[in-house]
Amino acid sequence: MADLDNDLKIRLLAKAIEVKSNSGDDIQKVCWMVVHEHHHGVMPSEYDIRPIDETLYLSVLESLKQELG
């Protein structure tokens with residue numbers, strides 16, 4: 001199960017890096033958007049308040065922070 005979680009985090013991190021480079025948005029927003037898309041199947045609208053997996057979000061955010069230095 002840990003490998004599956006790590007694979008998911010790696011895929012979401014790659015997506016977050018791609019979105020960040022294309023949008024210039026802040027990293028918190030980018031990570032929220034990517035985890036939201038994973039959870040709900042679509043990128044969020046501006047006022048989308050559907051819940052996401054906060055643990056996954058924080059994990060992807062921390063990984064992105066490390067990746068960006």
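Which side chain meets that of Asp 25 in a salt bridge? It's Lys 29, with an N to O distance of 4.0 Å. Keep in mind that this is a predicted model. Searching the whole structure turns up three salt bridges, and there's a nonpolar core of 16 residues, the largest one, to look at too.

**Salt bridges**

- Asp 25 and Lys 29 both count as partly exposed: Asp 25 has 22% relative accessibility, and Lys 29 has 38%.
- Glu 37 and Lys 15 pair up through their side chains at 3.9 Å, N to O. That bridge ties together distant parts of the chain, since Glu 37 sits in helix 2 and Lys 15 in helix 1, 22 residues apart.
- Both partners are partly exposed here as well, with Glu 37 at 26% relative accessible area and Lys 15 at 27%.
- Asp 48 bridges to Arg 50, and their closest N and O atoms are 2.7 Å apart.
- Asp 48 counts as buried because its relative accessibility is 14%, under the 20% cut-off.

**Nonpolar core**

- Within the largest core, Leu 12 and Val 60 are the residues that touch the most other members.
- Leaving aside residues up to four places away in sequence, Leu 12 touches Val 34, Val 35, His 38, Leu 56 and Val 60.

Technical notes. Residues numbered from 1 in each chain as written. Predicted model: local features only at pLDDT ≥ 70, side-chain atom pairs only at ≥ 80, totals over all residues. Heavy atoms only, no water. Core = buried A, V, L, I, M, F, W, Y, C linked by side-chain atoms within 4.5 Å. Buried < 20%, exposed > 50% of the residue type's maximum accessible area, 1.4 Å probe, protein only. Contact = heavy atoms within 4.5 Å. Helix = DSSP H or I, 4+ residues; strand = E, 2+ residues; numbered from the N terminus.
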